[in-house]
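Good morning, and thank you for coming. I would ask you to look first at the structure on the screen, and then I shall take you through its packing.

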Amino acid sequence: MKIGIQAIRLRRAVGVAVSTGAMVSAGVLHAAPAQAAPVQAAPVPTIVAKGGFVMNNANGKALYSKAADTRRSTGSTTKIMTAKVVLAQKNLNLDAKVTIQKAYSDYIVSKNASSARLIVGDKVTVRQLLYGLMLPSGCDAAYALADKFGTGTTRSARVKSFIGKMNADAKKLGLKNTHFDSFDGIGNGKNYSTPRDLTKIASSAMKNSTFRSIVKTKKYTAKTKTKSGGTRTMAPWTNTNTLLSSYSGTIGVKTGSGSASKYCLVFAATRNGKTVIGTVLASSSAAQREKDAKKLLGYGFGKI
């Protein structure tokens, strides 16, 4: 009886061994799969700018934030809102002509402001003024637009009205940390915004096709009408946003600088159908604001 039991056990052991061997030889039995190495998240970049914000333009999701809600002087990034207000006017005629006044020229001289070098007496279209506003950051072009699209019987009243429209637009966007007291960023201490708010303003402005076309243009030559009815070919306006040439996919938006604001840049780029938009405020130089923006763009694209 013992011999019989031992024989059965032996046959079973052999069967298991044979079965196991068959599984091995057939490649059925495998070692436990190796665990995939966890994907390392990109380190959060360090920027020199005192404030920064980046978001996914498609859904408004924040991708990076540094003092994003701290109010700061904005310099000429203010002109994004200037252009936005103009482009929001009902029945806007981009080919309507505006006569350049001596007041606009006197203003840029008194403020030592950036200029589109508009000539007093020339007739310039609204479209050309927008290019002069956004590319060379012309404060004379900003003044002309504010005077044209504000309401009132005096120039000061029209300018005040236009700035009121800028603030009304900011309120409409739900921005609680933005206030304008100028049409160009040369304010009286009450012209401020934040990286988050400026990014939202730019994102809203970029919905307008004319705005998008202007802010991605590297160079533009305007042909204006002189007092005598002739044609003046202006010296080309070059976009101050050097990211357009140095960062692939850049589609805008606007630089800013000043003694109070330091160096600012609102930027946007599109790659593989995805758009990242953001702002850096109070960087240390024009070169550094560009470096800061490139870091944040690269980081942003890595997160969407």
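Let us begin with F211. Beyond its neighbours within four places in sequence, F211 is in contact (heavy atoms within 4.5 Å) with I80, A83, L87, M134, A205, M206 and V253. Before I continue, please note that this is a predicted model, in which local features need pLDDT of at least 70 and side-chain atom pairs count only at pLDDT 80 or more, while totals for chains, interfaces and linings use all residues. Residues are numbered from 1 along each chain as its sequence is written, and side-chain values use heavy atoms, with hydrogens and water left out.

F211 and L130 have the most contacts inside the largest nonpolar core, which has 61 residues. Such a core is a set of buried Ala, Val, Leu, Ile, Met, Phe, Trp, Tyr and Cys residues joined through side-chain atoms within 4.5 Å; buried means under 20% relative accessible area, with a 1.4 Å probe and protein chains only. Helix α5, residues 139-149, gives the most to this core, with 8 residues. Helices here are DSSP runs of H or I, at least four residues, numbered from the N terminus.

Next, how do helices α2 and α6 pack? Helix α2 (residues 79-87) meets helix α6 (residues 155-172) at an angle of about 95°, with axes 10 Å apart. The axes are lines fitted to C-alpha atoms over the stretch in contact, and angles run from 0 to 180 degrees between N-to-C directions. Therefore α2 is roughly perpendicular to α6, a term covering 65 to 115 degrees. From α2, the contact involves M81, T82, K84, V85 and V86; from α6, it involves F162, K165, M166, D169 and A170.

Definitions and conventions. Buried means under 20% relative accessible area, exposed over 50%, partly exposed in between (1.4 Å probe, protein chains only). Helices (H or I, at least four residues) and strands (E, at least two) are DSSP runs, numbered from the N terminus. Angles under 35 degrees count as roughly parallel, over 145 as roughly antiparallel, 65 to 115 as roughly perpendicular and the rest as oblique.
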